[in-house]
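Look at the sequence and the structure below, and keep both in view while reading.

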Amino acid sequence: MKPEIVQVGPMMTHIEAALDKAYIVHRLWEAEDRDAALAEAAPNVRAIATATGASRAIIEALPNLQVISSFGVGYDSVDAEACREHGVRLCNTPDCLNDAVAELTVGLMLALCRRISQTDQYVRTGKWLGGNYTLTGELTGARVGILGLGRIGKEIAARCQAFKMRVAYHGRREQAYVPYEYFSSLNEMARAVDWLVVIAPGGPETRGIVSRQVLGALGSKGCLVNIARGSLVDEKALVELLQSGGLGGAALDVFEDEPNVPEALLGMDNVVLSPHQGSATTKTRKAMGDMVVDNLAAHFAGRPLLSQVI
Ligand code: 8YV
């Protein structure tokens with residue numbers, strides 16, 4: 001008998017095909033009456049596969065739930081507290097996306113600093129024929145502060161070093177054997193750097209930590225890069241400081257209310273916008289999907305999970 005699982009929302013084709021092979025899959029979004037479908041399946045369901053999180057309501061609707069396999073390294077959309085309370089294991093898809101996310105981070109920094117979107121438009125619209133584009137900034141020699149020197153943060157740091165930038169970091173604690181300057185205060189780091197790169201996990205603990213004060217400390221020449229979660233940044237303050245010139249620029253892959261982006265950002269020249277593309281390469285998303293499937297397989301075979309967070 002195949003184990004029964006719930007899939008909360010659509011996932012990549014290769015994931016769904018692999019799930020169908022191994023499990024009876026209840027695809028909630030396809031049901032006419034989602035709640036009725038969930039209630040009917042509930043007694044036999046032992047796992048959830050999801051790319052869009054799992055609420056307390058769904059976790060508590062499944063009395064025999066053992067494991068949640070979540071797509072993505074960040075699992076802030078899964079109710080971790082409810083998992084702990086009900087003894088549900090939670091696994092994510094770390095590491096396989098480190099390079100893709102780090103690569104896009106540096107790409108966004110280059111795009112902002114060297115005005116790549118604007119210069120592309122400059123050529124396409126024939127403006128070059130009328131004269132050269134204005135001079136831009138440069139990453140070389142600039143100072144970057146990384147908020148969250150975890151696995152992805154370290155890949156970003158290494159790439160920044162390759163660009164001859166000076167790297168510092170802030171996190172809950174100083175790390176041993178890390179060749180970058182540590183700031184115990186985010187505010188002080190923001191004051192000291194030209195670029196602030198946000199790559200700490202989302203969730204209640206980090207909500208709003210890139211506050212108006214931190215953005216103000218980064219200052220009129222400073223640039224913010226957010227490749228983590230919109231929830232870490234005070235988006236209202238960000239917009240206001242960009243408008244007033246209190247902050248130099250921003251490169252944003254994530255937003256508070258995706259896919260909605262504050263209207264005011266759309267017309268700004270000192271802003272680069274990206275639609276949550278950090279891990280969105282064919283290669284990386286395939287690897288993440290495989291990990292969702294492999295974590296479930298490990299669970300049902302009684303082997304250790306590949307990446308257990310709870
Ligand atoms: C994905 C991400 O875009 O891994 C993460 O935490 O934010 C991205 O890799 C996201 O998980 C898509 O569901």
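A residue is called buried when its relative accessible area is under 20%, exposed when it is over 50%, and partly exposed in between, using a 1.4 Å probe and the protein chains only. The model is predicted, so local features need pLDDT of at least 70 and side-chain atom pairs count only at pLDDT 80 or more, while totals for chains, interfaces and linings use all residues. Residues are numbered from 1 along each chain as its sequence is written, and side-chain values use heavy atoms, with hydrogens and water left out.

Start with Gln-118. Gln-118 sits in helix H6, residues 116–124 (helices are DSSP runs of H or I with at least four residues, numbered from the N terminus). With a relative accessible area of 16%, Gln-118 is buried. Leaving aside residues up to four places away in sequence, Gln-118 touches Tyr-133 and Asp-269, where contact means heavy atoms within 4.5 Å. A polar atom of the Gln-118 side chain lies 2.6 Å from the backbone oxygen of Asp-269.

Next, find the ligand. Among the residues that surround the ligand are Phe-71, Val-73, His-276 and Met-288; a residue is near a molecule if one of its heavy atoms lies within 4 Å of it. The shell divides into 5 nonpolar, 4 polar and 2 charged residues. Here Ala, Val, Leu, Ile, Met, Phe, Trp, Tyr, Cys and Pro count as nonpolar, Asp, Glu, Lys and Arg as charged, and the others, Gly among them, as polar. A backbone N or O atom of Gly-74 is 2.8 Å from a ligand oxygen atom. An N or O atom in the side chain of Arg-229 also lies 2.8 Å from an oxygen atom of the ligand.

Now turn to charge. Side chains of opposite charge can pair when their charged atoms come close. A salt bridge is a side-chain nitrogen of Lys or Arg within 4 Å of a carboxyl oxygen of Asp or Glu, and by this rule the count is 16. One of them joins Asp-20 and Arg-27, at 3.1 Å from N to O. Asp-20 is partly exposed at 36% relative accessibility, whereas Arg-27 is buried at 15%.

Arg-124 is exposed, with a relative accessible area of 62%.

Definitions and conventions: Polar contact = N/O pair within 3.5 Å; in protein donor to acceptor, adjacent residues only side chain to side chain. Helix = DSSP H or I, 4+ residues; strand = E, 2+ residues; numbered from the N terminus.
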